[in-house]
Structure formats: C-alpha cells, structure tokens
Amino acid sequence: MPHSPWPAPEAPVSRRGLLLGGVGLLALAGCSGDGSDDSGGRKRSPRGTPELAPDVAVATAALERIRATRAAVDATSTRHPALGRELADVTEMHAAHEESLVDAVPERARPDSPPATYAVPPRRRVAARELAVAEGELHATLDELALRAESGDFARLLASMGAGIAQQLAGWPQ
C-alpha cells in the first residue's frame with residue numbers, strides 16, 4: 001500500500017475521551033503556579049475572598065443546575081409513577097451528567113445545600129409540561145455555560161449534555 005502524503009484521519013472522539021480531557025483541563029484550570037490556589041479550585045481575589053477558576057465556576061454552576069433538575073424529575077416520578085417510567089431515560093441521563101461533573105468540581109467548590117424542593121403539580125399532564133419547562137431551562141443553561149467555558153473540550157462536553165436534553169425533549173411524554 002503506497003504511503004499517503006496526507007495525515008491519517010483522527011479517530012472520532014468518544015464522550016468518555018471528551019469527558020476525561022475536560023476533567024483534566026478543569027483540574028489544571030483550578031491550579032495556579034503563583035501559590036494563590038487554596039487546593040479547592042479557588043483562587044484568592046485581590047480582596048482575599050475565594051474566587052473559582054473560570055471553568056471550575058462553570059462546572060459548579062452546571063452541576064448545581066443538573067442536580068436541581070434531576071431532583072425535579074425524581075419528585076415528578078415519585079408523584080406520578082406512570083410518568084416516572086417514561087422519564088427513566090431522562091433520569092439516567094441526568095445521573096450520567098452529574099457523575100461527569102462531580103469529578104470536575106473540587107469538594108470545596110460543590111454546592112453545600114440540596115436543591116430547592118420542587119412542587120410537582122397534581123395532574124399528570126401539567127406535571128409533564130412543567131418538567132419540560134425545567135428541562136428546557138437546563139438545556140439553555142448548559143448552552144450558555146458552554147459558551148462561557150474556556151476549555152474547548154469542556155465546552156463540547158457541556159454542549160453535548162445540552163444536546164442530550166434537547167433529544168429527550170423531542171420525544172417528551174404528554
């Protein structure tokens with residue numbers, strides 16, 4: 001076989017590879033060489049108050065929002081078991097997204113308080129619509145956070161999370 005003058009095409013990037021690259025970059029983003037890092041992904045501002053490294057702050061915001069939406073899905077599934085069966089894939093997706101971000105957010109930067117209690121409407125159809133609104137808001141948040149991310153790999157990870165939500169919303173239960 002003759003040697004091609006063109007470089008070999010790159011292998012497709014898997015979600016796992018993208019995640020590991022993004023987590024690695026976040027770990028590096030949380031550290032600074034000037035000694036101002038307090039080992040929690042936080043830097044000290046000129047006033048001495050802790051400040052998160054940019055991508056760690058983005059990851060923290062994403063994690064907090066995903067946890068709140070996952071709690072809303074869980075509460076809706078508990079109140080409306082038939083709807084819960086239809087939302088099983090959404091629940092699994094949020095768990096995977098949360099797991100992806102937990103490693104990227106230093107322990108000291110993680111939200112301390114649990115998400116606010118989600119009030120599930122008593123009627124199934126209304127509950128499904130309200131949850132679709134919450135999912136749409138999460139999608140928009142992840143898209144906005146992807147634009148704020150400094151790491152290209154991390155931006156792609158957040159965008160892929162948003163795309164997963166959009167895909168779920170396309171077949172949303174009624």
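View 1. Helix α4 covers residues 88-102, so 15 residues in total, and from first C-alpha to last it reaches 21 Å, close to the 21 Å expected at 1.5 Å a residue. That expected span is 1.5 Å times one less than the number of residues. Helices here are DSSP runs of H or I with at least four residues, strands are E runs of at least two, and both are numbered from the N terminus. On α4, the buried set is V90, M93, H94, H97, E98, S100, L101 and V102. Buried means under 20% relative accessible area, exposed over 50%, and partly exposed in between, with a 1.4 Å probe and protein chains only.

This is a predicted model, where local features need pLDDT of at least 70 and side-chain atom pairs count only at pLDDT 80 or more, while totals for chains, interfaces and linings use all residues. Residues are numbered from 1 along each chain as its sequence is written, and side-chain values use heavy atoms, with hydrogens and water left out.

**View 2. Helix α2 against helix α6.** The axes of α2 (residues 54-79) and α6 (residues 152-170) come within 12 Å and cross at roughly 15°. Axes are lines fitted to C-alpha atoms, for helices over the stretch in contact, with angles from 0 to 180 degrees between N-to-C directions. The pair therefore counts as roughly parallel (angles under 35 degrees; over 145 is roughly antiparallel, 65 to 115 roughly perpendicular, the rest oblique). On the α2 side, D55, V58, A59, A62 and I66 make the contact, meeting F154, L158 and M161 of α6. Sorted by class, that's seven nonpolar residues, no polar ones and one charged. Nonpolar covers Ala, Val, Leu, Ile, Met, Phe, Trp, Tyr, Cys and Pro; charged covers Asp, Glu, Lys and Arg; the others, Gly among them, are polar.

**View 3. S77 on helix α2.** S77 lies in α2 and counts as buried because its relative accessibility is 16%. Neighbours within four places in sequence aside, S77 is in contact with G84, L87 and T91, where contact means heavy atoms within 4.5 Å.

**View 4. A146 on helix α5.** A146 is found in α5, residues 124-148, and is buried at 11% relative accessible area. Skipping residues up to four places away in sequence, A146 touches A155, L158 and A159. G162 sits 16 residues from A146 in sequence, with 9.0 Å between their C-alpha atoms.
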